[in-house]
Amino acid sequence: MSDTIDRVDTPEVIDRLIVRFAGDSGDGMQLTGDRFTTVSASFGNDLSTLPDFPAEIRAPAGTVNGVSSFQVQISDHDITTPGDEPNVLVAMNPAALKADLHRLERGGTLIINTDAFDERNLDKAGYTDSPLDDGTIDGYRVIRVPMTSITKEACAPLGVKPRDAERSKNFFALGLVSFMYSRPTEPTLEWIAEKFGSREQVAAANTAAFTAGLNYAETTEAVGHRYEVRPASLPAGEYTSITGNTALSWGLVAAGQLAKLPVTLGSYPITPASDILHELSKHKNFGVRTVQAEDEIAAVGVALGAAFAGHLGVTTTSGPGVALKSETISLAVSIELPLLVIDIQRGGPSTGLPTKTEASDLNLAIYGRHGEAPLPVVAAYSPADCFDAAIEAARIALKYRTPVILLSDGYLANGSEPWCLPDVDGLPDISVPFTAAPNDVDDDGQPVFHPYLRDPDTLARPWAIPGTPGLMHRVGGLEKADITGNVNYTPENHAKMGDLRAAKIAGIAADYDPVEITGDTDASVCVVGWGSTWAAIDAAVQRRRRNGHKVAWVHLRHLNPLPNDLGDVLQRFDQVIVPELNRGQLCNILRANYLIDAQPVSKVAGLPFTTREIEDAIEEATP
Amino acid sequence: MTDTGVTLTTKKDWTSDQEVRWCPGCGDYGILQAVQQLMPDLGVAPENTVFISGIGCSSRFPYYMNTYGMHSIHGRAPAIATGVATARPDLDVWVITGDGDGLSIGGNHLIHALRRNVNLTILMFNNRIYGLTKGQYSPTSAVGKVTKSTPFGSIDPPFNPLSVALGAEASFVARTHDLDRQHMMDIFHQAHDHRGAAFVEIYQNCNVFNDGQFNNITKRDARDEMMINLVHGEPITFGADGRRGVIMGSDGTLQLVDVADVGLERILVHDRHVDSPALAFALARLNDDDASPTPFGVFRQVQRAEYTSEVDAQVVAASQRYGAPDLADLLRSNGTWTVTPGAESGG
C-alpha cells in the first residue's frame, strides 16, 4: 500500500484484501464483518471468513478477553482461507488493538477509533501508556478517527440519545472501510432499512453513521488512497453467501426431500451447533419437526425414536453432547436404524473453548462407544460443502441402516463463502424402501418377518415401520439372534453378529470413488487432510506448486471406513504428513492401518491453520 | 397402514411368541396379563401400537407383546417414545418403566415427557427395589431400608412417584396394583384413552428381592382398611361400609375421620378434573407415613394441549403459510447473484 496521499477518482486495483474488524463484544463487530462479507460476495469477489469471538455473552467490557473479531479475505481469484495476516485492522478500542495488532502485516493499515483510547479503556486493556503515542504502532499506516464522537454528531439532528447513537459506531467503521475499498453501499443501506425497519430511530442512526463513515473517508485526506478488489472470475452460476451451519441445515432439509422422508431433529442447545436447530425450526413446511429436548441424551433419543417410526432422525451437537449421546448411538448400532449425529467440533476437553474451532473429536467419533460398535464417520471440508456432506451422511445412514457421525467444526459452522448453487434436480435420490411384507418363511412354510434377515449386498437389515400390518417386531439393546432378531446370548451368535456389524460398515467403502490425488502424483510428499484444514492445505499446496515444488494432497471425506485404495495410494510417497487441528488422531489411524511412517502436523490452539504453517510443514517434509 | 378405527382382536393377537422370563411369582406377570387382556377392548390394531421400555425387569415387557416395540436404554424410554410419538401421532405409544428406570436414571426424561404432555401411556412398575441388578435400594425405597448396598439402612429419603408426576404437570395420574387385574385393566384403559401423557404407578411385588412390600395394603384382608378407592364425584371414604373418610382440616392437611363423627357432608368429594392439582397432591401423599391408607384410582385427569398434536399443527400451519416445499427456493432464500459465462461478475 502506498504512503502517498493523493486524491484520485479511480481506485487502485489490488487482487486481494484481508480486513479484520476488532472491537468489544458489544461493538457489533460480527455484524460489521458479516455486512462487509455479504456486500463483497454479491459484488462477485471470492471470499472466506473467520469470525473469532469470546464464549461469554458479554465479557467484561473493554478487556482483551472481551474482544470480538471478524476477519475476511476478499479476492479477484479463487481463494479458500480467510488469510494469514490482515492488510487492514480496524481497532475499535485499546483491547482490540492489544489483542490483534500482532496479526496485522508489517506496514498494514491500522484504523483506530481514537475516542475509545481514554485512560479507563487503556487501563482495562492493560496499557500503562497509550500505544498511540509510545511507538507501539510505528511501522503501520495509521488512520486515526474519532469514530464515536463523529457518529454522535451525525445522529444528533435525529434526536437520538447520545448513548444510543454511540452504538451505531460500527456502521461508521463499515462506511469508512466500504469507501476505502470501493464496496457497493446501496445494499447495506437497503439492509439497514429492512433489518431495523420497525425501529425507526435505530435505522436512522445506523444509516446516519454509515453515511458519515463514507463521507469521512471521501472528504478526509487522512484516509488517502482508494482501492478496489475486482470481482473474481468464478465459474458461471447462481451464487449465494453461505455459512457452514446454514449449508448443513439446508443439506438436512434436502436429505429429507431426496429420501422422501420427513426429518425429525432432536437437539439441545450447544455452541457452536445451535444455529442448526434454529435454522431447521424455520422449515416446518418441508415436513421438518424439531424437538428442543431436555438434554443431549433425550435429543438423540427423540431422533432414534423418530427413526424407528420411519423418519430421518437427526441430532445436532458438539463434542460434550456426543459424549452424552454415546450410549444411545451404541443402541442405534445394535438395533441398526438410520440415525444422523452431527458434531460441530469445538475446543476441548470438557467445556474447553466453546466458540473456538478444533478437530479433536475424530477419535470420539470413530471409537467413542462401549463394545465393538463401528459406525461410519463423514467430514465436511468447507462451509458450502456442509450441504453435500449432510446428504452423503444421510445416504449412508439410510442405505446401511446405521448411525452416522458427521463432523463439522466451529470454523466451518460460522465461516462463510460464496456457494454456486447446485441444480436441485441433479441431487441424488437417496430414498430406500420400507419393508412392506414378510421377508421369510418359518419352519412350517408360513410367511414371517425376520427383522435381522439382511440384504446380501449391503448387509443392511430391513426397515419395517410401525403401522405396517404383519411385521410387528421388537428390537432392543440385548444381543440379537442373526435373522430372527430374538434375544440371544450364545457365544457363536454374538461372534457372528459382531462380524456382521463390522462387515456391514467396512462394506460402505465400496460406494466411494477412487482416492483423488490433487497436485503431483510423482511428488515425494503427500499431504493427507480431513475437515476444515482443506482451506489452508489448498492454499499452501497451490503456493508450493506455483513456486515450482511438487506436492500431492489427499483430502478425506470418509474417515470411517477409510477408502479401500488409500493404503496403496499413500505407500507410493516417501513422506506422508497429516495436518490436523488435534494431536495426530487421523495420523495415528493411518499409521496403524497401513504401517506407514505418516507424521502429524498438529495445531490445538482453538484456531485454524494458517497457510504459512502448512506450507512450512510441507517444506520441512520435502527432502 | 391400517385405519385406526375399531379393530377386532383377541388376547392371542397381542401375545408374542417369546417365552416370558420373569422370576416365578413376580408381579410383572399379572401386569402383562392385564395389558394383554385389555388390548382387544381398546379397538386398536397391534401394528399401530408401540411399546417402548428402558432397562430393568419390567422393561422386558415389550418382548412379550406382539406389537412394534423397543427395549431401549436405562431411563431413556420416555425420550425415545417422545420421538416415536412426535414423528407418528397416529400411533398408540406405551412406555414401560420402573422405579429405578423412571425416577432415578431417567427422572429427567419422565418429568419432561409429562411436562410436554406427549401422548404416551406410561406404566411405572414400582417395586421399591432394583431387581435386575439383584437387590439394591431404589429411589422409592423407604429410609432405613436394608439392602445389599445399604447394609446399615438407606439414608435416602424416597420419591413419591405420584407427587413427582403431579409436580411435573402430568395431565393424567393414577395408581393401581398388581393383585387386581380388573382394577389394572380399568385404569390402563382410561390411561390409554386420555389424550396426553398418562402416568400410572403400579404397586408391584418383587418376590425375590423385596417380597411383600405392599402386603399390608394390597392383600385381600388388608384392602378394606388400607385402600381408598377414588371415584370421581364420590365422597372419599374407605373401611367396611365406608365407615371412614377423608376431610381437609383447618390447617389445609388431609385428615382421616370416622364419617359418623363429622357427617358425610364434610367428607371430601373426589374431583379428578379440577384445575388445581392441590387435592390430588395431598391424596398422593396420604400414605407417606406408611400407616395411613393408600388411595388408588385416578387422582387427576385434565385436558391440556397435547405435544404431538401441537407439533403437527405447526407443520400444517407452515405448509399452509409457505406452500409446498421448494428446495431450489430455499437455497435462494438468503439472496443470490449470478456469474455469467465469460463475464467477471454479475450484479
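1. B:Val246 counts as buried, because 26 C-beta neighbours lie inside 10 Å. A residue is called buried if 20 or more other C-beta atoms lie within 10 Å of its own, exposed if 12 or fewer, and partly exposed in between, with C-beta atoms placed from the backbone. B:Val246 belongs to strand E9 (residues 244-248) of chain B. Leaving out residues up to four places away in sequence, B:Val246 touches B:Ile236, B:Leu254, B:Leu256, B:Ile267 and B:Leu268. Contact here means that the C-beta atoms of two residues, placed from the backbone, lie within 7 Å. B:Val269 is 23 residues from B:Val246 in sequence, and their C-alpha atoms are 8.9 Å apart.

2. A word on the model and its labels. This is a predicted model, in which local features need pLDDT of at least 70 and side-chain atom pairs count only at pLDDT 80 or more, while totals for chains, interfaces and linings use all residues. Residues are numbered from 1 along each chain as its sequence is written, and chains are lettered from A and ligands numbered from 1 in the order in which they are written.

3. Chain A contains 20 helices and 25 strands. Helices (H or I, at least four residues) and strands (E, at least two) are DSSP runs, numbered from the N terminus. The radius of gyration of chain A is 27 Å, close to the 25 Å that the globule rule gives for 623 residues, so chain A is as compact as a globular protein of that length. That radius is taken over C-alpha atoms, and the globule rule is 2.2 Å times the number of residues to the power 0.38. Along the principal axes, the C-alpha atoms of chain A fill a box of roughly 95 × 60 × 45 Å. Of the 623 residues in chain A, 56% are buried.

4. The domain assignment divides chain A into domain 1 (12-229), domain 2 (240-423), domain 3 (433-511) and domain 4 (518-621). These bounds come from an automatic or database domain assignment. The centres of domain 1 and domain 3 of chain A, taken over C-alpha atoms, are separated by 60 Å.

5. Helix H4 (residues 147-155) of chain A is mostly covered, with seven of its nine residues buried. Among them are A:Met147, A:Ile150 and A:Cys155. The buried residues of H4(A) pack against strand E6 (109-113), strand E7 (141-145), helix H5 (162-166), helix H6 (169-180) and helix H8 (200-219) of chain A.

6. The contact between the chains takes 60 residues from chain A and 56 residues from chain B. On the side of chain A that touches chain B, H11(A) gives the largest share, nine residues. By class, this side of chain A has 29 nonpolar, 23 polar and eight charged residues. Ala, Val, Leu, Ile, Met, Phe, Trp, Tyr, Cys and Pro count as nonpolar, Asp, Glu, Lys and Arg as charged, and the others, Gly among them, as polar.

7. Which strands make up the open sheet of nine strands? Its order is E19(A)-E2(B)-E1(B)-E3(B)-E4(B)-E6(B)-E5(B)-E11(B)-E7(B), with mixed pairing. E19 of chain A and strand E7 (227-229) of chain B stand at the edges, each with a single partner strand, so one side of each is left without a neighbour in the sheet. Neighbouring strands of this sheet are turned by 20° against each other on average, direction ignored. Two strands pair if DSSP finds at least two bridges between them.

8. E7(B) and strand E11 (residues 294-301) of chain B run parallel and are joined by three bridges, and B:Ile228 has B:Pro295 in E11(B) as its bridge partner.

9. Some backbone details deserve a check. Most residues other than glycine have a negative phi, and most peptide bonds are trans. A cis peptide bond joins A:Gly348 and A:Pro349, with omega about 5°. Another cis peptide bond joins A:Asn560 and A:Pro561, with omega about -10°.

10. Phi of A:Leu459 is near 65°, a positive value in a residue other than glycine. A:Leu459 is buried, with 20 other C-beta atoms within 10 Å. Phi of B:Lys134 is near 75°, also positive, but B:Lys134 is exposed, with 11 other C-beta atoms within 10 Å.

Methods. Axes are lines fitted to C-alpha atoms, for helices over the stretch in contact, and angles run from 0 to 180 degrees between N-to-C directions.
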